[in-house]
Amino acid sequence: MNKIITSIFFLIPLFSIAQTDVLILQKNGRNIKTFETGMPIGFHTIYDQWLGGTITSLRNDSIFLNNIPFHVHEIDAIRQDNTKWNYVTDGTLLIVAGVGVLVLNVVNGLYTNEKAGSWIKTSGWITAGAFIIGGILLRRARYKDYTIGKKYTLHYLNMRISNPPENNPTKKSTEPAK
């Protein structure tokens with residue numbers, strides 16, 4: 001009985017599929033991101049649509065996004081969503097804080113009956129400007145788009161060996177000579 005269980009244990013990997021296809025985003029030949037089945041992805045199509053979801057399958061040069069197939073050549077750009085922080089909320093809070101510093105300086109100037117030109121000091125302008133510019137930069141840092149073209153390329157790597165390429169050096173090409 002132990003020999004049968006041991007032989008079944010060693011024969012199971014022969015019948016199982018261990019590798020799936022992979023989608024690779026490269027910048028000048030270096031890998032930036034690798035996408036597999038089950039990973040979230042957001043991309044722009046050549047039909048001018050932004051789509052996002054989970055990769056349910058990768059087959060035959062197609063990406064199945066929530067069970068809807070898209071060919072690799074239909075992808076125009078890939079979006080990376082930076083979700084470690086809530087950039088939109090944090091950026092908005094910084095912008096509101098910058099405007100609040102300016103309003104607070106004006107209210108203090110009115111309360112102390114100062115001249116209109118001296119309500120906001122240089123330090124108030126610098127602080128408010130830093131908050132507002134920082135908030136705008138944080139709001140823009142939420143997404144990073146990789147446009148497929150010269151700099152960024154998208155490759156579909158077929159890991160299944162059901163159709164291996166032919167490497168026959170004796171077979172002559174039918175292309176004309178250059």
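## An exposed isoleucine

Ile133 counts as exposed because its relative accessibility is 51%. Exposed means over 50% relative accessible area, buried means under 20%, and partly exposed lies in between (1.4 Å probe, protein chains only). Ile133 sits in helix α3, residues 122-140. Leu94 is 39 residues away from Ile133 in sequence, yet the C-alpha to C-alpha distance is 8.5 Å.

This is a predicted model: local features need pLDDT of at least 70, side-chain atom pairs count only at pLDDT 80 or more, and totals for chains, interfaces and linings use all residues. Residues are numbered from 1 along each chain as its sequence is written, and side-chain values use heavy atoms, leaving out hydrogens and water.

## The overall build

The protein has three helices and nine strands. Both are DSSP runs, numbered from the N terminus: helices are H or I with at least four residues, strands are E with at least two. From the N terminus on, the order is α-β-β-β-β-β-β-β-α-α-β-β.

Of the 178 residues in the protein, 22% are buried. Contact means heavy atoms within 4.5 Å. Among contacts with a separation of 6 or more, 60% join residues 24 or more positions apart.

## The nonpolar core

In soluble globular proteins, nonpolar side chains tend to be buried together. A nonpolar core is a set of buried Ala, Val, Leu, Ile, Met, Phe, Trp, Tyr and Cys residues joined through side-chain atoms within 4.5 Å. The largest one here has 17 residues. Leu23, Leu25, Phe35, Ile41, Phe43, Ile78 and Leu154 touch the most other members. Two or more residues each come from β1 (22-27), β3, β4 (50-59), β5 (62-65), β7 and β9 (152-157). The largest share, three residues, is from β9.

What does Phe43 contact, beyond its neighbours within four places in sequence? The partners are Gln49, Trp50, Leu51, Leu65, Phe70, Ile75, Ala77, Ile78 and Arg79.

## The largest pocket

A pocket is an open set of points on a 1 Å grid over the protein atoms alone, where a 1.4 Å probe fits, with protein on both sides within 12 Å along at least five of seven lines; lining residues have an atom within 4 Å of a point. The largest pocket is lined by Lys33, Phe35, Met39, Pro40, Ile41, Gly42, Ile78, Arg79, Gln80 and Asp81.

Strands β2 (30-35), β3 (40-45) and β7 (75-81) each supply at least two residues of this lining. The largest share, four residues, comes from β7.
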